[in-house]
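Dear colleague,

Please find below the structure that I am handing over to you.

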Amino acid sequence: MITVEDALNHILEKIVPLGLEKVSLLDALGRVLGEDIYARRNIPPKDNSAMDGYALRSQDTVGATGETPVILGVIEDIPAGHIPRKSVEPGTASRIMTGAPVPEGADAVIRMEDTEKDGQRVKVYAQTKQGQDIRYAGEDVKKGELVIPRGEIIRPAEVGMLAALGRSFIYIHQRPLVAILSTGDELDDIDEMPSPWKIISSNSYSLTAQVMDCGGIPLHIGIAKDTREDLIAKFRAALRADIIISSGGVSVGDYDLVKDIMEEVGNAMEFWRVAMRPGRPLAFGAMEGIPVFGLPGNPVSSMISFEQFIRPSILKMMGHKDLFRRTIKALLHEDIKKSKGVKHFVRAMVKYEEGMYTVSTTGEQGSGILKSMVRANGLIILPEDAASARKGDEVTVQLIDTSLAQTAQPGYP
Ligand code: AMP
Ligand code: MG
């Protein structure tokens with residue numbers, strides 16, 4: 001039996017990021033950039049006006065006030081997107097719109113509100129400083145500059161920047177194909193008429209949803225019977241994936257054959273059993289170099305094992321640097337019993353109340369009680385060496401539902 005930490009380190013050492021693929025810009029949203037992005041052009045490309053107003057020589061406005069305006073001759077109109085044809089000479093100005101290139105000779109823009117049109121002339125009611133309301137070429141991005149390094153996540157801001165740089169296609173890390181196999185003679189699929197003594201293979205769906213939720217591509221292998229032949233056939237069918245997940249059949253029962261099959265097909269069972277609850281009988285190995293996770297069959301065990309070991313693996317394959325869920329400290333509202341030497345993941349509901357996080361369990365913690373997972377937005381992590389946790393203790397909670405971070409409440413940090 002190994003610790004959660006050792007298991008995770010062992011697994012992550014074996015997981016390597018996948019190669020790159022070229023996609024169109026919007027398909028890259030949420031993905032990890034696989035190339036360094038250098039600017040091929042200045043942004044903005046030319047000095048341009050930050051205001052609707054008049055481009056002029058700042059010297060010409062010295063002493064201008066509301067009572068003593070300076071009067072300049074207007075020599076041209078420059079709407080946005082038009083190229084100025086005239087140079088601003090002393091005593092003149094060009095009417096200019098936001099975003100239009102600043103004409104030669106001008107070193108400032110005065111906003112419309114501080115002026116008054118007077119036929120072919122303009123009255124300027126305020127002094128301007130050199131550079132006022134001019135956006136200089138390359139002020140945002142300079143040609144040749146490294147703007148976004150590889151490894152960054154593409155968010156809407158990155159999409160905007162890449163568009164500004166003219167990058168309609170970019171390289172990102174591939175998403176892994178994740179094979180999902182359920183095992184057990186007691187299982188029916190959701191759309192079969194379930195026999196009264198059978199259960200629906202909910203793991204096939206919760207695991208698929210977890211794979212999709214972190215960006216993997218699920219590959220459905222279906223339900224294997226608890227026989228060597230069927231298990232071998234189904235594991236072989238899974239060999240085209242980048243990661244294989246099976247659920248069930250890894251305990252010590254007579255029909256728990258997954259460990260044996262992992263040995264036979266891949267000859268590489270690397271560890272079995274992790275000091276955690278739920279999820280103890282996890283098996284990890286490789287088949288033809290493909291990482292295989294033999295998760296326990298109980299619905300909560302399989303989900304929590306996925307959270308702790310498979311989600312970080314998928315994220316690593318996709319090129320992510322931050323692999324783990326956020327944890328917070330919260331005030332525990334009740335006593336919790338635990339066994340020593342084992343790390344506990346307790347289904348819980350975190351709230352933000354009166355300036356602090358508080359946490360309560362969501363009820364029955366049996367590894368088959370999916371309802372307490374449904375009600376949870378976090379997992380209280382109780383370390384191996386703890387013997388119990390008491391009401392009023394400060395505990396660590398892993399947030400498995402990121403919507404908590406998005407609830408806007410008064411006083412939310
Ligand atoms: P096992 O690890 O194979 O001994 O399975 C333990 C228990 O988990 C079984 O008795 C089932 O109740 C449940 N179980 C196993 N596989 C699934 C599945 N795919 N979906 C839902 N429950 C499952
Ligand atoms: Mg079974």
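Which residue in β28 is the bridge partner of I328? The partner is V397. Strands and helices here are DSSP runs, numbered from the N terminus, with at least two residues (E) for a strand and at least four (H or I) for a helix.

Before the details, a note on conventions. This is a predicted model, in which local features need pLDDT of at least 70 and side-chain atom pairs count only at pLDDT 80 or more, while totals for chains, interfaces and linings use all residues. Residues are numbered from 1 along each chain as its sequence is written, chains are lettered from A and ligands numbered from 1 in the order in which they are written, and side-chain values use heavy atoms, with hydrogens and water left out.

Strand pairing

Strand β22 (residues 327-332) runs antiparallel to β28 (residues 394-399), with 5 bridges between them. Strand β22 is also joined to β25 (residues 356-361) by 2 bridges, and these two strands run parallel. Two strands count as paired if DSSP finds at least two bridges between them. In β25, V359 stands opposite L332.

Ligand 1

Ligand 1 has 15 residues around it, of which S201, S202, N203, G249 and G297 come nearest; a residue is near if one of its heavy atoms lies within 4 Å. By class, this shell has 4 nonpolar, 10 polar and 1 charged residues, where Ala, Val, Leu, Ile, Met, Phe, Trp, Tyr, Cys and Pro count as nonpolar, Asp, Glu, Lys and Arg as charged, and the others, Gly among them, as polar.

Several backbone atoms lie close to the ligand. A polar backbone atom of G249 is 2.8 Å from an oxygen atom of ligand 1. For N203, a backbone N or O atom lies 3.1 Å from a nitrogen atom of the ligand, and for N298 such an atom lies 3.2 Å from an oxygen atom of ligand 1. The protein buries 78% of the 490 Å² that ligand 1 exposes when taken alone (accessible areas by the Shrake-Rupley method with a 1.4 Å probe). Two or more residues of the shell come from each of β13 (177-183), β15 (199-200) and α3 (202-213).

Backbone features

A cis peptide bond joins I43 and P44, with omega about -10 degrees; P44 is in the loop between β2 (37-38) and β3 (48-49). Another cis peptide bond joins R277 and P278, with omega about -5 degrees, and P278 is found in the loop between β19 (276-277) and β20 (283-287).

With kind regards

Technical notes: Polar contact = N/O pair within 3.5 Å; in protein donor to acceptor, adjacent residues only side chain to side chain.
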